[in-house]
Amino acid sequence: MQLPYSDGLEIQYLNRLFDKTSECYKFFWFQAIITKILEGKDVITYEELVNEMIADAWYMVTEYHLNLGPRDTLEKLVHYISGISNIKPSEKKDVVLKFLENCNDKEVLKKKRMLVYNVPYRLQAPFMDTIKGKAWNVPEGCLIDRINREKHLIYYFSVLNGMNTTIHIQPGWFRYINRNQEIIKGWLQYNMILYLQKRNPSVPGIADKLQPPKERKMDKVQKYWKLILTLKPVYEIYGDNIITERDISIDHFVPWSYVAHDEFWNLHPTTREINSSKSNNLPDWDIYFPKLCRLEYFSYEIMNTNEIVMDAFEKCAKEHLNNSDIRRHIYKKDLSLEMFSNALENVVYPVYQSAKNCGFHNWVYKTVY
C-alpha cells in the first residue's frame, strides 16, 4: 500500500516507517501524532501523545485481550490502570483520557516515562541514515540535539523536559497529513493489523478490534426468538428463567470481543440483567454448553415444523449465518439432539478454547437476591 506523492517531502521514507517493528510503540505513537494533527495541533507534548497511546490501546487490551508484544510496556500499563481504576473495558475514550490527565499514581508516571525512551526518536529512523548502531545509544538530550540537525523530518524536538518535552510538526507534513488523512489512517491500520495478527495468530477479526466496540444490530435475531416466545415458553441457559418479550437480550456465548462477529450459532436469548452480568466473560463450558445445545435444538425443532419460524430463520441466516459449511452441518434436517449437539460443539469448542487461552475469564451466573 503506497502513500500519496508530495513534492518536497520524503514520502519514500514515510513508507518505511514500520519496516522494522518488533514492538507496538511505533504504531501507537504515530497514530497519536495523527490524532493531534487532525485536532489542529502542531506542537504536542510527550504527555499528550502517551495518553493517546494508552487510550487507543485500552480497548485492544481490556476489551479484546490482544497481545501487543512479548515484553510490552504499553500493554502492562493498560492492565495496571485497569486494575487501579473503575474504568470499564468498553468505556468511551474521553473518559480514559480524563483519568490519565488527572492520574498521579507513581507506577503510572514511571511507565509513561518508559514509553518515551526510544519511540519518539526511533520512529523517524528511515529519514536519518546517518544515525546508525551505537550512535543511538547516547543520552536523550544529546540524541535530541543530533536529530534536530537532520533535514526533512516530520517533527523536531524542544529541549528535553521530561513528559513536557514537545515535538514540533513541520508545516509541510502538517498539511500533507491533513490533506491525506483517510489514506494515511488506512495505511497505518493496515500495518497495525499485520503486526497484531502475528502477535495474535489464533484471534479472529483483528481488523474489528482496532477501535472501540460498536453497537451491533440484532433485530432479526431478536424477532426470531420473540416469535418462538409466542409459541412456547423459552428458558434461558444461565438461570433457567423464562424469557419475556420485554426482557429479552441476545447474548454471544463466546464473547463478541473475541469472535468479532454475530454468527447465529454463537447467539442465544437471555435476560438483560444476566447479559449485563456476564459481560465479556466465558460461560463455564461444562455447566452451560449442554444447556445451550438443548436451547438451540429446541428452536431447531420448531423451525423445521413451523413455516413462519423457518422464514424468520432464513432472514436471520442472510446476515448471521455466513458459512455454508456450518449451516449444512448444524442446521440440516432430521438431526437428533445428539447429532445436533456434536455438530454445534465442533464449531463452538475450538473458538471457546482459543478465547480461554487468550485470557477470557470463566464465568458462572450467581443469582442476586
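A residue is counted as buried when its relative accessible area is under 20%. By that criterion Cys-293, with a relative accessible area of 3%, is buried in the predicted model described here. The same criterion applies to the protein chain as a whole, where 50% of the 369 residues count as buried.

The secondary structure of the protein chain comprises 17 helices and seven strands. The C-alpha trace spans about 80 × 45 × 35 Å along its principal axes. Among the contacts with a separation of 6 or more, 70% are made by residues 24 or more positions apart.

The cysteines were examined for covalent links. A disulfide is a covalent bond between the sulfur atoms of two cysteines. The structure holds zero disulfides. For Cys-24, the closest cysteine sulfur is that of Cys-358, at 16 Å. A disulfide requires two sulfur atoms within 2.5 Å, and the sulfur of Cys-24 is therefore too far from that of Cys-358 for a bond. Cys-293 likewise takes part in no disulfide, and its nearest cysteine sulfur, in Cys-316, lies 19 Å away. Cys-24 has a relative accessibility of 0% and so counts as buried.

Charged side chains were considered next. Side chains of opposite charge can pair when their charged atoms come close. A salt bridge is counted where a side-chain nitrogen of Lys or Arg lies within 4 Å of a carboxyl oxygen of Asp or Glu, and the total under this rule is 17 salt bridges. One of them joins the side chains of Arg-146 and Glu-150, with an N to O distance of 2.7 Å. Within this pair, Arg-146 is partly exposed at 27% relative accessibility, whereas Glu-150 is buried at 13%.

A salt bridge is also formed by the side chains of Lys-220 and Glu-319, with an N to O distance of 2.9 Å. This pair links distant parts of the chain, since Lys-220 belongs to helix H11 (residues 219-229) and Glu-319 to helix H15 (residues 307-320), 99 residues apart. Lys-220 is partly exposed, with a relative accessible area of 33%, and Glu-319 is partly exposed as well, with a value of 43%.

A further salt bridge connects Asp-240 and Lys-291, whose closest N and O atoms are 3.4 Å apart. Here too the pair links distant parts of the chain: Asp-240 is in the loop between H11 and strand S4 (248-252), Lys-291 is in helix H14 (residues 285-303), and 51 residues separate them. Asp-240 is partly exposed at 45% relative accessibility, and Lys-291 is partly exposed at 21%. Elsewhere, salt bridges link Lys-36, Glu-39, Glu-52, Asp-56 and Lys-93 in a network.

The packing of helices was examined for H11 and H14. Two packed helices are described by the angle between their axes and the distance between the axes. The axes of H11 and H14 come within 11 Å and cross at roughly 80°. Because angles of 65 to 115 degrees count as roughly perpendicular, H11 is described as roughly perpendicular to H14. On the H11 side, the contact is made by Tyr-224, Trp-225 and Ile-228, and on the H14 side by Leu-295, Glu-296, Phe-298, Ser-299, Ile-302 and Met-303. By class, this contact has seven nonpolar residues, one polar residue and one charged residue.

Note on methods: Residues numbered from 1 in each chain as written. Heavy atoms only, no water. Buried < 20%, exposed > 50% of the residue type's maximum accessible area, 1.4 Å probe, protein only. Helix = DSSP H or I, 4+ residues; strand = E, 2+ residues; numbered from the N terminus. Axes fitted to C-alpha atoms, helices over the stretch in contact; angles between N-to-C directions. Parallel < 35°, antiparallel > 145°, perpendicular 65-115°, else oblique. Contact = heavy atoms within 4.5 Å. Nonpolar A, V, L, I, M, F, W, Y, C, P; charged D, E, K, R; others polar.
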